Amino acid sequence: MNRSLPVRLLVSAALVLNPTAAFTQSAAGPHPLVSYELELAQYATAPSEDAVARLQKRIDAGEVTLAFEPTHGFLNALLKELGLSPSSQLLVFSKTSLQRYHITSKSPRALFFNERVYMAWIPGAPMLEFLAEDPQLGAVLYTLEQTNVAQPRFVRDNRCLECHVGPRTLGIPGRLVRSMRTTKDGDVDLLSGAAIVSHSTPLKDRWGGWYVTGAYGALEHQGNHFSLLTPTPQPASTTPSTPSNPSAGDLRDFLDISRYPTPTSDVTALLVLEHQTHLANLLTRLGYEARASLRQWGHINSLTNVLHQTLNDLLFVGEIPLAGAIRGESKFVEGFQGQGPRDSQGRSLREFDLQTRLFKYPCSYMIHSDAFAGLPRAVKLRLYRRLYAVLTGEDSSGDFQSIPAEKRRAVLEILADTQKDLPAYWKL
Ligand code: HEC
């Protein structure tokens with residue numbers, strides 16, 4: 001495997017993001033911006049602890065065999081072994097993949113996800129694609145050949161880093177969600193739409209290149225719509241109006257949906273993906289910077305910016321309110337909420353609101369994730385201290401003013417019951 005390419009890509013991404021990264025001392029004082037170049041350079045060679053790596057070990061040990069089916073290959077076996085619910089299926093028809101030639105609006109890429117792993121399948125394409133979460137490395141990308149062999153091999157595929165590390169992923173190996181004008185053939189207008197989608201992206205700019213099913217009223221958005229790529233991109237007036245963005249309750253109008261594990265590309269799953277991927281990128285970036293800072297300075301005092309952004313994202317500061325009630329129509333909502341953990345009153349951070357906001361409580365379930373757990377202890381203590389200050393009302397500064405007192409109280413109590421490594425002061 002050619003190791004020099006990914007290292008070069010990773011290091012140049014770090015430099016793009018943090019142009020002072022090459023300096024160890026700055027005029028600004030003793031704590032210059034952190035250079036996490038060395039941490040990134042280790043990405044290419046470090047062994048990964050993730051769901052795909054764990055499955056590979058079980059396959060190698062003969063504990064698991066993956067059934068291979070004629071049209072779907074290993075898809076169904078892997079949904080089961082990786083604990084991915086078919087109801088998390090999302091269909092994206094923009095050619096945003098190494099296997100772009102296989103993607104069109106008639107043959108969209110299906111994504112399945114949870115907090116540990118994302119899998120992508122395109123009908124007829126030679127490979128399955130995976131993004132697995134390592135608590136330290138961040139996104140680890142794999143491919144698997146769709147050929148009927150007894151011992152399938154997942155391959156860490158560094159070609160993917162061309163897109164999965166860069167400014168759009170906050171300079172670390174990360175996750176991507178985009179929204180672009182996309183034609184029926186899946187060609188995208190790279191200059192259009194949202195470079196990166198998160199829970200802070202206006203709804204009218206989201207879902208370009210995606211199919212979206214479920215009920216979401218008269219919400220204006222870019223999904224379920226095929227653009228024409230004109231030589232001179234048209235201004236916003238070509239933004240499709242609601243009637244051309246049908247609430248695609250029935251994807252049969254667009255493609256042969258019977259080939260896919262479920263007939264949906266559920267709106268609630270898409271909203272969760274957008275929130276989760278961005279926060280996961282922040283958590284990975286925070287981890288890289290924190291480990292570099294601890295290595296260089298022995299403390300994390302200079303990490304103000306990324307800590308602040310992560311705290312805000314955890315608490316849904318800047319989340320775009322929903323334009324009206326939203327209803328998923330797949331089993332996704334039930335399955336997602338059902339996972340808990342729940343507090344002594346039966347409450348969980350995974351409960352949906354779907355009236356004015358995505359979740360009922362303004363603190364992300366990602367606080368229970370391996371990515372959060374894998375942060376250096378010093379970072380978690382800092383985050384917990386700040387969270388505690390916000391949730392007890394001690395800190396009601398600008399960003400947090402809009403969080404109602406009873407919601408703060410509820411989150412404080414839910415975390416006390418469900419978050420394992422809270423400092424002792426939390427429970428007093
Ligand atoms: C040309 C750029 C590009 C390349 C190369 C690329 N991806 Fe992606 N990938 C994307 C974009 C963009 C998305 C989000 C879907 C969208 O908005 O169209 C994505 C999404 C994904 C997802 C879903 C999780 C997420 O981040 O949202 C997986 C899994 C994935 N890619 C795997 C891979 C693998 C494996 C490779 C290498 C074999 C790869 N990708 C190469 C652009 C790329």
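Guide: Two terms come first: strands (E, at least two residues) and helices (H or I, at least four) are DSSP runs numbered from the N terminus, and two strands pair if DSSP finds at least two bridges between them. This is a predicted model, where local features need pLDDT of at least 70 and side-chain atom pairs count only at pLDDT 80 or more, while totals for chains, interfaces and linings use all residues. Residues are numbered from 1 along each chain as its sequence is written, and side-chain values use heavy atoms, leaving out hydrogens and water.

Visitor: How many helices and strands does the protein have?

Guide: There are 11 helices and 6 strands.

Visitor: In what order do the strands sit in the sheet?

Guide: The 6 strands form an open sheet that runs E1-E2-E3-E4-E5-E6, and the pairing is antiparallel. Strand E1 (90-92) and E6 are the edge strands, each pairing on one side only. From one strand to the next the twist averages 25°, with angles running from 0 to 180 degrees between N-to-C directions and axes being lines fitted to C-alpha atoms, for helices over the stretch in contact.

Visitor: Which helices pack on the sheet?

Guide: Helix H3 (residues 51-60) does, touching strand E3 (117-121), E4, E5 and E6, where touching takes heavy atoms within 4.5 Å. The direction of H3 makes about 140° with that of E6. Helix H6 (residues 267-297) also packs on the sheet, and touches E1, strand E2 (109-113), E3, E4 and E5. The direction of H6 makes about 65° with that of E2.

Visitor: Back to the strands. What do E4 and E5 form?

Guide: They form a hairpin, with 3 residues between them. Strand E4 (residues 127-134) pairs with E5 in the antiparallel sense over 8 bridges. Leu 131 stands opposite Leu 141 in E5, and Glu 133 is opposite Ala 139 in E5.

Visitor: And how many bridges does E5 have with E6?

Guide: E5 and strand E6 (residues 154-156) pair over 3 bridges, again in the antiparallel sense. Here Leu 144 faces Phe 154, which stands opposite in E6.

Visitor: Why is E5 largely enclosed?

Guide: Because 7 of the 8 residues of strand E5 (residues 138-145) are buried, it is largely enclosed by the rest of the structure. Buried means under 20% relative accessible area, exposed over 50%, and partly exposed in between (1.4 Å probe, protein chains only). In the whole protein, 56% of the 428 residues are buried.

Visitor: New topic. At what angle do H7 and H10 cross?

Guide: Helix H7 (residues 304-314) and helix H10 (residues 377-391) cross at roughly 55°, and their axes come within 11 Å. So H7 is oblique to H10; under 35 degrees counts as roughly parallel, over 145 as roughly antiparallel, 65 to 115 as roughly perpendicular and the rest as oblique.

Visitor: Which residues meet there?

Guide: From H7, Leu 307, His 308 and Leu 311 meet Val 379, Arg 382, Leu 383, Arg 386 and Leu 387 in H10.

Visitor: What about H10 and H11: how far apart are their axes?

Guide: The axes of H10 and helix H11 (residues 405-418) are 9 Å apart, and the two pack at an angle of about 140°. That makes H10 oblique to H11. Tyr 388, Val 390 and Leu 391 of H10 make the contact with Arg 408, Arg 409, Val 411, Leu 412 and Leu 415 of H11.

Visitor: Last one. What share of contacts join residues at least 24 apart?

Guide: It is 64%, counted among contacts between residues at least 6 apart in sequence.
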